[in-house]
Amino acid sequence: MRRHHIIILFLVLAVISLCAFEWPLNSGSIRYGFGSFRDGFLKGTEFGAANSMVRAVAEGELVFVATGRSLPGGYPIHGGSMLSLAHPAEMVSVYTGMVPDSISRYLVKVKAGDVLGRTPDAGGRLGARLFTYDGKERRFVNPLMVLPGVRDDMVPVIRSTSLKNDGGVVRIDQTRIIKQGIYDVILEVYDNSPAGEQSAPFEIAVTLDGSVRARVVYDASWAKDGMPFIFGSAGLEEDAYLLGENRVRFGPYVFPRGRVVLSISVLDFTGNKREQTYSLSVQ
């Protein structure tokens with residue numbers, strides 16, 4: 001097992017041992033995972049199962065239910081409904097997008113597998129979502145880190161790699177000759193979800209001339225002083241990293257005159273890996 005996976009799993013070991021989560025819906029219906037672009041950085045997991053029962057991921061206590069377009073303070077409610085359960089170790093599971101009239105409003109103590117509500121019929125743009133929140137650390141964590149594993153033999157995709165500065169954008173998967181200067185590295189990458197959608201990967205690394213310049217792990221998201229941050233170890237500002245759709249930004253990096261080797265690696269949660277290396281002539 002890769003070292004970073006060991007470290008991450010060690011950090012959540014206590015949580016898992018006290019609160020073993022189960023899938024609220026069939027894992028094969030996952031449409032978009034943590035970090036996918038869904039009007040911003042998706043801080044949970046979105047499912048595509050139509051007209052299906054949503055079940056509690058673990059034993060807990062019902063602490064919040066709301067229906068409608070928004071909360072009293074104006075915060076929008078995804079899909080018209082929100083339900084929250086409190087679990088041991090200060091973990092909270094949040095469920096949105098269920099049919100409002102189907103929600104089990106009067107549950108107090110909930111057992112794992114209890115029905116919480118029903119997903120909408122097929123055809124909607126938005127599916128039901130699960131968020132897992134660590135109250136002790138005050139951050140959302142990737143649900144894959146606390147749920148049973150998913151079988152996955154599909155390798156992530158690196159669709160394009162570009163360099164961007166004030167002079168414009170150069171796609172280095174189409175040309176390997178660039179001018180010297182300072183560039184952002186723009187990647188279009190994704191991992192196919194079990195439901196066949198273009199979802200987010202779990203790790204991306206950028207290497208220049210054999211030196212790892214950036215590595216992000218899709219593990220956590222939180223807010224500080226009104227700013228959204230992502231990735232526990234990297235702590236990047238969400239708006240500076242996420243460009244929309246499947247595009248993300250790293251840098252800026254200096255590309256000096258001569259030969260520069262840029263390598264990109266992308267992994268999914270199960271360890272499937274895609275690598276691409278570009279040898280650039282910098283003039």
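**Figure 1. A bridge between I178 and V282 in a predicted model.** In β24, the residue that partners I178 through a bridge is V282, and this view, like the others, is taken from a predicted model. The contact belongs to the pairing of β13 with strand β24, residues 273-282, where two bridges hold the strands in the parallel sense. Both strands are part of an open sheet of five strands, whose order is β13-β24-β23-β16-β17 and whose pairing is mixed. The edges of this sheet are β13 (177-178) and β17 (211-217), each of which pairs on one side only. In a regular strand, the side chains alternate between the two faces of the sheet.

**Figure 2. Strand β22 with its partners β14 and β21.** Strand β14, residues 181-192, runs antiparallel to strand β22, residues 247-255, and seven bridges join the two; within this pairing, I186 has R249 of β22 as its bridge partner. Strand β21, residues 242-244, also runs antiparallel to β22 and is joined to it by two bridges, with G244 standing opposite R247 in β22. The hairpin of β21 and β22 has two residues between the strands, and in this hairpin E245 takes a positive phi near 55°.

**Figure 3. The largest pocket and its lining.** The volume of the largest pocket is about 810 Å³. Its lining is made of 29 residues, and those closest to the pocket centre are K43, Y75, P76, F131 and F140. The elements that each contribute two or more residues to this lining are β6 (91-96), β9 (129-134), β10 (139-141) and β18 (220-224). Sorted by class, the residues around the largest pocket comprise 16 nonpolar, four polar and nine charged ones.

**Figure 4. The largest cavity.** The structure contains three cavities of 30 Å³ or more, and the largest cavity holds about 300 Å³ of space. Of the 23 residues that line the largest cavity, L144, D152, D191, P194 and F269 lie nearest its centre. When the lining of the largest cavity is divided by class, eleven residues are nonpolar, eight are polar and four are charged.

**Figure 5. The second largest cavity.** A volume of about 80 Å³ is found for the second largest cavity. Its lining consists of 14 residues, and G35, V189, A200, E245 and N246 are the ones that lie nearest its centre; E245 is also the residue with a positive phi near 55° in the hairpin of β21 and β22. By class, eight nonpolar, four polar and two charged residues make up the lining of the second largest cavity.

How values were computed: Residues are numbered from 1 along each chain as its sequence is written. This is a predicted model: local features need pLDDT of at least 70, side-chain atom pairs count only at pLDDT 80 or more; totals for chains, interfaces and linings use all residues. Side-chain values use heavy atoms; hydrogens and water are left out. Two strands pair if DSSP finds at least two bridges between them. Helices (H or I, at least four residues) and strands (E, at least two) are DSSP runs, numbered from the N terminus. On a 1 Å grid over the protein atoms alone, a cavity is a set of points where a 1.4 Å probe fits but cannot get out, and a pocket is an open set with protein on both sides within 12 Å along at least five of seven lines; lining residues have an atom within 4 Å of a point. Grid points are joined across faces, edges and corners, and a volume is the space filled by probe spheres set on the points. Ala, Val, Leu, Ile, Met, Phe, Trp, Tyr, Cys and Pro count as nonpolar, Asp, Glu, Lys and Arg as charged, and the others, Gly among them, as polar.
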